[in-house]
Amino acid sequence: MVQSASTESPEGGKKIARPYGEGDGHFGPYGGRYVPETLVRALEELEEAYHTYLKDENFLAEYRRLLREYAGRPTPVTFVPRLSEAYGAPVYLKREDLNHTGAHKINHALGQALLAERLGKRRLVAETGAGQHGVATATVAARFGMEAVIFMGEEDMRRQAPNVARMRLLGAKVVPVTTGTRTLQDAVSEAIRYWVEHVEDTYYLLGSAVGPHPYPSLVRDFQRVIGEEARAQFLEMTGELPRGLVASVGGGSNAIGLFYAFLDDPVEIVGVEAGGLGISTGKHAASLTAGEVGVLHGAKSYILQDELGNVLPAHSISAGLDYPGVGPEHAYLKEIGRVRYEAVTDDEALEAFLDLTRLEGIIPALESAHAVAYAKRWAKEFPGPILVNLSGRGDKDLGHVFELLEARGVKFVDEGTQGDRG
Amino acid sequence: MNAASDGSRDLRGTAAIEAAFRRGPRPLFIPYLTLGDPTPEETRARLWELARAGAGIVELGVPYSDPLADGPVLREAAVRALRHRIGIGEALAFVRSLRDEGFALPLVLFAYANPLFRFGAERFAREALAAGVDAVLVPDLPPEESGDVLGFLRAVGIPLIPLVALTSRGRIAERLAGREGFVYAVSSLGTTGVRERLPEELLAFLAEIRAATSLPVAVGFGIHRQEQVEMLAPHAEGIIVGSALAHLWAEGGSVEEFVRELFSGVW
């Protein structure tokens with residue numbers, strides 16, 4: 001168990017200070033700030049702002065007001081009876097899909113835009129995989145009257161076309177990334193390079209709990225609201241805590257947001273990585289399950305790499321999980337044994353996507369479907385209740401899902417036309 | 001004119017770097033090239049070509065999949081080079097073979113943090129000295145994270161070359177405290193690559209470095225024209241040229257002519 005440095009009881013529900021991620025930004029051996037010198041000053045400036053404003057009641061009040069009035073928080077916890085019946089254990093969902101823009105990303109986008117405003121920066125640069133973070137960034141740029149430049153891999157732009165359209169409608173400039181794997185990994189690199197060049201007037205609105213210090217801590221602190229709400233809501237609904245927590249992990253922002261409030265509780269916690277075509281095929285995005293310690297995008301953590309230390313391309317059905325690294329706090333939680341990390345395959349995620357859609361009328365993002373898929377596997381042996389973080393909704397994935405289902409021979413036929421085909 | 005023509009490599013590491021700056025000419029021409037672009041053999045030929053053209057120190061890059069500090073030209077060079085499966089170990093073997101051939105110019109090995117950690121920082125320091133590496137530069141390892149690597153390299157007498165950027169202004173002395181070799185002054189914001197204009201505050205930046213350290217100063221990022229070299233010459237002991245050379249080779253130009261032209265106002 002993690003020792004809390006805080007004297008407050010975790011039951012207080014907030015300000016759980018922990019003996020890591022503070023000071024120089026290391027979570028045990030992980031984290032840190034491995035960046036070109038050009039960025040160090042900007043990161044220090046951000047760190048100062050982070051320490052100042054996340055203790056500033058006016059700032060926090062404005063952040064909470066935006067979450068409430070703009071993002072639509074608190075999001076509910078939903079008990080899903082038919083899915084529970086089918087899976088064999090009670091399952092509850094934390095409904096981040098009900099946020100404005102359709103995912104948890106709006107939580108940290110609002111917080112970071114507020115910080116950017118305080119820092120006097122008028123331009124936001126961001127990377128996006130599934131497009132959810134890009135949409136969230138474009139949204140807050142519109143809301144705060146800022147310029148937004150979003151880097152997105154060409155392959156992801158194809159997979160997530162509706163989100164590209166949304167970002168453009170919101171007034172953001174979407175820059176296609178044509179290098180490397182043309183996915184999230186390269187989009188992050190390009191966004192960092194753009195930031196290096198425009199560091200004096202641009203805020204890098206990082207989309208997950210990854211990157212150089214202070215981003216992993218900063219993003220977590222803006223996502224902690226997920227777990228703090230969920231913990232209180234679950235207690236109120238059931239009179240007890242869940243026995244298990246599940247969330248999907250790409251970079252790991254929705255997962256750390258949920259987990260953080262429960263780290264001192266007697267709750268089993270599982271982070272679910274994208275197993276792609278299966279770990280043994282090498283085509284996956286499971287950095288914690290099958291990667292090794294290394295440095296990527298400014299932090300030391302687990303990454304997918306070859307024996308020479310070159311970063312290997314990740315593969316996942318879900319553009320948001322398709323990343324060869326993971327946030328350093330997750331690397332630490334794995335090392336101290338507080339959180340277990342498992343991988344589910346593309347096929348399991350797709351199956352869970354259909355389960356939740358058909359049984360409960362909730363269409364999950366493919367990212368979130370990974371968490372649901374693990375709950376399905378876990379429920380067979382675990383009595384529950386299991387609380388799953390439904391990090392986003394699946395509207396953006398529909399085109400891609402139809403392609404995938406067709407490729408797997410699933411046909412959709414309208415009842416009225418069935419007879420006509422004979 | 002250069003160390004290669006001295007025909008000796010009595011000096012190593014920090015001493016070899018210091019001697020190169022003492023020997024001149026001023027400013028010293030410090031070319032960068034990516035090992036393995038387009039092939040290791042071509043890199044070898046280019047290194048000799050650079051030595052003949054008047055290079056004072058050479059900077060040799062280990063290709064990496066995710067070179068955050070590099071612009072498009074050097075990233076493409078890395079992509080071409082990675083086809084030859086070159087990592088730290090291969091780079092050290094390459095340097096050793098170069099030394100066996102009698103290549104005597106001081107050599108800075110440029111590597112990103114992850115390949116270096118993967119190889120092992122302590123083992124790297126030991127083997128780098130044996131291979132004939134004189135200095136090391138890691139573009140994504142600022143002072144806050146460089147403790148271990150710096151310690152291992154210092155123990156064998158190899159300097160870890162510090163970088164300072166325009167954004168380091170106001171605390172350059174702190175960034176350079178206790179460092180050896182030379183200072184790599186990053187001339188512009190952004191990644192590597194040729195630039196039409198160098199920033200106006202560049203000379204004030206160089207003056208601030210001068211006030212903060214007695215180490216020689218080499219300027220890099222964006223330099224490709226004679227007027228730039230002429231402007232920088234009174235303020236810097238070295239000029240680092242990378243992308244412009246990669247471009248030149250891609251176009252099939254003459255290195256000797258390029259260097260003669262680039263330094264014509266000052267040598």
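How many residues of chain B are in contact with chain A? In this predicted model, 35 residues of chain B are in contact with 35 residues of chain A. In chain B, Leu68(B), Arg118(B) and Glu145(B) lose the most area to chain A. Together these residues account for 23% of what that side buries. The size of an interface is often given as the accessible area lost when the parts come together. For chain B and chain A, that area is about 3000 Å². Carbon and sulfur atoms contribute 48% of it.

The rule finds 6 salt bridges across the interface of chain B and chain A. A salt bridge links Glu190(A) to Arg75(B). The closest N and O atoms of Glu190(A) and Arg75(B) are 2.2 Å apart. Several elements of chain B each supply at least two residues to the side that touches chain A. They are helix H4 (72-82), helix H6 (113-119) and strand E5 (163-164). H6(B) gives the most, with 4 residues. By class, this side of chain B has 17 nonpolar, 7 polar and 11 charged residues.

Within chain A, the domain assignment gives two parts. Domain 1 covers 26-72 + 105-215, and domain 2 covers 77-101 + 224-408. Their centres, taken over C-alpha atoms, are separated by 22 Å. Contact between them involves 42 residues of domain 1 of chain A and 44 residues of domain 2 of chain A. The two domains bury about 3200 Å² between them, with 58% coming from carbon and sulfur atoms. In domain 1 of chain A, Tyr30(A), Arg159(A) and Gln185(A) lose the most area to domain 2 of chain A. Together they make up 23% of what that side buries.

The rule finds 2 salt bridges across this domain interface. Glu403(A) forms a salt bridge with Arg158(A). Here the closest N and O atoms are 3.9 Å apart. By class, the side has 19 nonpolar, 17 polar and 6 charged residues.

Val196(A) is found in helix H8 of chain A. Is Val196(A) buried or exposed? Its relative accessible area is 2%, so Val196(A) is buried. Not counting residues up to four places away in sequence, Val196(A) touches Thr38(A) and Leu39(A), as well as Leu189(B) and Gly190(B). The C-alpha atoms of Val196(A) and Gly282(A) are separated by 33 Å, and these residues lie 86 residues apart along the chain.

Gly399(A) lies in helix H15 (residues 398-407) of chain A. Gly399(A) counts as partly exposed because its relative accessibility is 48%. Along the chain, Gly399(A) and Glu190(A) are 209 residues apart. Their C-alpha atoms are separated by 27 Å.

Key
Residues are numbered from 1 along each chain as its sequence is written. Chains are lettered from A and ligands numbered from 1 in the order in which they are written. This is a predicted model: local features need pLDDT of at least 70, side-chain atom pairs count only at pLDDT 80 or more; totals for chains, interfaces and linings use all residues. Side-chain values use heavy atoms; hydrogens and water are left out. Contact means heavy atoms within 4.5 Å. Buried area is the accessible area (1.4 Å probe) that two parts lose on being put together, summed over both. A salt bridge is a side-chain nitrogen of Lys or Arg within 4 Å of a carboxyl oxygen of Asp or Glu. Ala, Val, Leu, Ile, Met, Phe, Trp, Tyr, Cys and Pro count as nonpolar, Asp, Glu, Lys and Arg as charged, and the others, Gly among them, as polar. Domain bounds come from an automatic or database domain assignment. Buried means under 20% relative accessible area, exposed over 50%, partly exposed in between (1.4 Å probe, protein chains only).
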